[in-house]
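Hi,

Here is the structure I promised to pass on.

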Amino acid sequence: MGTQSNSHARIYRAMTAPRLLDAVTLRHFGITEHLAALEHVLSAYPFPYWTDAVRSEILAGIGQPDCDNVLAASFLGVPHQIPTTELAEVMKIRIALSDGKSPSAEHLGEAESIFLADKFNGAFITDDRAAYDLAGRRLGHCRVLDTVDLLRETVVTGYFKSSEAQQVADAIRNSGRKLRRGHPSTFTPEYFEPEF
C-alpha cells in the first residue's frame, strides 16, 4: 500500500465531512453483497452519502442483484437533492467529465457527487477513472477514494482481515465489474494491509 493511501486513512479518521459515492462503487459493494462493509466505513461520517442522480442510476438497474441490494440498503439514507440554483455548477462538472458525445444525463451522478464533496469539504468515492482524476484535480487527491481505499480502511478498523478484503476485491472483478485502473491485475492480502 502506498503513502497516498496511508494519508487517506489518517486524514479521514479525523474528518466529519460527508463522503459521496457514485453508482459504480455502490454497485461494486452491492454485487458482492458486502454493503455492511460499506456501511461500516461510512458510519463515522455524516449524510449525505449519495445524490438523486446516483439513486436514479441505481434505479435504472432495478431487477439486477447489485442495484436491488443497493436500493435495499437503508443506511444510505435519503439522497441529496441539488437545489436548482446550483445546477449550473453541476453541469459544468458534468461537461468536464464528458467526451462531448455522451447523452446529457451521463456523468450526472459523478458531477453531483463531486460538486457536493467540494461544497461540504467532504470526499468523493469512485472507481470511474475520469471522475477520479477530475475530482483529484478539483478536491485534492487526499479527498478522492476508491473501492480499494475503502477495503483498506476495513482492515485498519479490524472489520476485515487483509485476506478478506482481497477476497471482496477479487469477487468484484470476478463479477465482471472493474476497479479503478492503477491497481495490480492480481491482488495479494498484503496490498490491503496498512503501512505504519
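This is a predicted model: local features need pLDDT of at least 70, side-chain atom pairs count only at pLDDT 80 or more; totals for chains, interfaces and linings use all residues.

Below is what turned up on aromatic rings, charges over rings and one glutamate.

Residues are numbered from 1 along each chain as its sequence is written, and side-chain values use heavy atoms, with hydrogens and water left out.

There are 5 aromatic pairs (rings of Phe, Tyr and Trp, the last by its six-membered ring, with centres within 6.5 Å; planes under 30 degrees apart are stacked, over 60 edge-to-face, the rest tilted). One of them joins Tyr159 and Phe160, edge-to-face at 4.9 Å between centres and 70 degrees between planes. Tyr159 is partly exposed at 34% relative accessibility, while Phe160 is buried at 11% (buried is under 20% relative accessible area, exposed over 50%, partly exposed in between, with a 1.4 Å probe and protein chains only).

Phe187 and Tyr191 make a tilted pair, 5.4 Å centre to centre with 35 degrees between the planes. Both are buried, and together with Phe192 they form one aromatic cluster.

Arg19 has its charged end over Tyr45, 4.1 Å from the ring centre, and Arg180 lies over the face of Tyr132 at 3.7 Å.

Lastly, Glu112 is in contact with Thr51, Asp52, Ala53, Ile82 and Val90, leaving aside neighbours within four places in sequence (contact means heavy atoms within 4.5 Å).

Cheers

How values were computed
A charge sits over a ring if NZ of Lys or CZ of Arg is within 6 Å of the ring centre and within 35 degrees of the ring normal.
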